[in-house]
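I opened this entry to record what I looked up, one item at a time. The structure comes first, then my notes.

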Amino acid sequence: MKKFFRMISVLLCALMLCSVGIGAFADTRYEHFDSVFAIGDSNSMGFGLPGYKQYDSVRPYLHGVPGSYVRLTAEALGIPLDKCNTMTYPALRAKDALYYLGGDVSMEGDAFFDIYSRDWTNALIYDNGPEQNNFINQLSAEDGGRKLVLIFAGPSDVVFSAAKLTLYSGSYSSKLAAVNAMLFQTLKNYNEFLTVFPKLLAQIRDLNPGCEIV
């Protein structure tokens with residue numbers, strides 16, 4: 001069942017990225033980038049790869065688990081690991097990323113955030129620094145250098161969060177009721193994603209106008 005939802009998540013993510021106008025940057029000279037900043041969920045962290053740990057305040061994989069897309073991208077571009085930073089955590093949504101980057105978004109009444117913010121206390125908050133601005137500092141332009149920003153968003157925003165609040169919650173009298181609830185929640189999440197994702201892109205541009213976003 002989880003493999004099925006992961007497959008559906010990837011397909012929905014591709015559809016959503018098309019709907020919000022994200023295109024390929026085939027003409028970009030990626031070899032000129034000197035740092036990488038990645039935003040995403042467990043899939044972008046390297047879920048299932050050796051060395052992956054779901055939550056760990058020590059965060060030995062701060063620059064990406066070996067074999068993860070983030071790490072492979074940095075290696076292919078010849079970018080040192082100390083210039084490869086990640087804000088990638090299990091179940092992280094575009095909405096959560098916007099929140100932790102200081103964007104204009106409210107988490108009041110967000111049941112999914114209430115669930116995972118407790119898990120992130122020793123991981124996401126830890127990495128964000130004592131003044132809660134470490135991610136903002138990492139994303140900001142450094143010495144006029146060019147930063148490549150990788151965003152893996154969609155699956156947790158739309159599918160996984162809907163499943164967590166419905167199918168996996170155990171609060172419905174039957175599987176059919178849970179599936180119906182998930183379908184409605186998925187549509188609600190999708191519409192919210194279409195609103196939040198452009199705001200995340202704008203916030204990243206405000207923090208680093210010269211970056212390239214993929």
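I began with burial: of the 214 residues of the protein chain, 46% count as buried. I noted that the model is predicted.

Next I listed the secondary structure. I found 9 helices and 4 strands in the protein chain. Along the sequence I read the pattern α-β-α-α-β-α-α-α-α-β-α-α-β.

I checked contacts with a separation of 6 or more, and 71% of these in the protein chain are accounted for by residues 24 or more positions apart.

Which residues of α3 are buried? I found Val70, Arg71, Thr73 and Ala74. Seen down the axis of α3, the buried residues fall within an arc of 160°, so they line one face of the helix. I wrote the general rule beside this: an α-helix has 3.6 residues a turn, so residues three or four places apart point the same way.

What do the buried residues of α3 pack against? I listed β1 (35–40), α2 (42–45), β2 (84–88) and β3 (147–151).

I also looked at what follows α3. It is glycine 78, with a positive phi near 70°.

Last, I looked up cysteines. Cysteine 84 is buried, with a relative accessible area of 0%. Cysteine 211 is buried too, at 4%. With a disulfide taken as two cysteine sulfur atoms within 2.5 Å, I recorded a count of 0 disulfides.

Methods:
Residues are numbered from 1 along each chain as its sequence is written. This is a predicted model: local features need pLDDT of at least 70, side-chain atom pairs count only at pLDDT 80 or more; totals for chains, interfaces and linings use all residues. Side-chain values use heavy atoms; hydrogens and water are left out. Buried means under 20% relative accessible area, exposed over 50%, partly exposed in between (1.4 Å probe, protein chains only). Helices (H or I, at least four residues) and strands (E, at least two) are DSSP runs, numbered from the N terminus. The arc is that of the directions from the helix axis to the C-beta atoms. Contact means heavy atoms within 4.5 Å.
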